[in-house]
Amino acid sequence: MRDETITYPGQGRDIEAYLVRPDASGPRPAVIVVQEIWGLDEHIKDVARRFAEQGYVALAPDLYSGPLKEAMKPENIQAGMMFLRQAPPEIQRDPSKMADALASRTPDEQKALKTLMQVMSPDQRAVFAEELVGALNYLKNLGDVAGDQITALGFCMGGGLSIHM
């Protein structure tokens, strides 16, 4: 098994991804492993490696490549999730009430929460889905991938994104 970090074009940015190839030769089926909200972490890389052990070429994109990487650190995600979990439903549904609730937080917390809400927005998910289509196109151009045998799977946030793509 061979693994490496690659980049492919996204929506106005380069997307980093973890690519794992099996030792088997010839065109192989491929799978795009889509991250959870936690990003391209060791768990997602392990899933990609397990697919490669079964003979698949596996590609795990890092949808937080570039500016999102710093903002979407696990501690920021955790803090944002705790805030949202504790916020009453009327605050979660009303942008003006959400802005008032955010004003009571530190500037760093405000930035993290705003980024988390952006990542969870329908518009950003559509961008992520397009960037996953870029992963599909990247795989189709690899000589060791059977271009008509590519699928995607994801976990939590990634499950919805893999369906959306």
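Predicted model: local features only at pLDDT ≥ 70, side-chain atom pairs only at ≥ 80, totals over all residues.

Colleague: Which residues of α6 are buried?

Modeller: Burial is judged by relative accessible area: buried means under 20%, exposed over 50%, and partly exposed in between, with a 1.4 Å probe and protein chains only. In α6 (residues 107–119), the buried residues are Ala112, Leu113, Thr115, Leu116 and Val119. Seen down the axis of α6, these residues fall within an arc of 160°, so they line one face of the helix; the arc is that of the directions from the helix axis to the C-beta atoms. Pro107 and Lys111, on the other side of α6, are exposed.

Colleague: What do the buried residues of α6 pack against?

Modeller: Contact means heavy atoms within 4.5 Å. The buried residues of α6 pack against α2 (68–71), α3, α5, α7 (122–140) and α8 (157–164).

Colleague: How does one describe the packing of two helices?

Modeller: Two packed helices are described by the angle between their axes and the distance between the axes. Axes are lines fitted to C-alpha atoms, for helices over the stretch in contact, and angles run from 0 to 180 degrees between N-to-C directions. Here α3 (residues 74–86) and α6 pack at about 80°, their axes being 9 Å apart. The two helices are therefore roughly perpendicular to each other; angles under 35 degrees count as roughly parallel, over 145 as roughly antiparallel, 65 to 115 as roughly perpendicular and the rest as oblique.

Colleague: Which residues of α3 and α6 meet?

Modeller: From α3 come Asn76, Ile77, Ala79, Gly80, Met81, Phe83 and Leu84, and from α6 Ala112, Leu113, Leu116 and Met117. The residues of this contact divide into nine nonpolar, two polar and no charged. Ala, Val, Leu, Ile, Met, Phe, Trp, Tyr, Cys and Pro count as nonpolar, Asp, Glu, Lys and Arg as charged, and the others, Gly among them, as polar.

Colleague: Which residues of α3 are buried, and which are exposed on the other side?

Modeller: Ile77, Gly80, Phe83 and Leu84 are buried in α3. They cover an arc of only 130° around the axis, which puts them on the same side of α3. Arg85 and Gln86 are exposed on the other side. The cover over the buried residues of α3 includes α4 (89–93), α5 (95–103) and α6.

Colleague: Where does cysteine 156 lie?

Modeller: Cysteine 156 lies in the loop between β5 and α8. Although not a glycine, cysteine 156 has a positive phi of about 55°. With a relative accessible area of 68%, cysteine 156 is exposed.

Colleague: Is alanine 60 buried or exposed?

Modeller: Alanine 60, found in strand β4 (residues 57–61), counts as buried at 0% relative accessibility. Leaving aside neighbours within four places in sequence, alanine 60 is in contact with Ala17, Tyr18, Val33, Leu40 and Ile44.

Definitions and conventions:
Residues numbered from 1 in each chain as written. Heavy atoms only, no water. Helix = DSSP H or I, 4+ residues; strand = E, 2+ residues; numbered from the N terminus.
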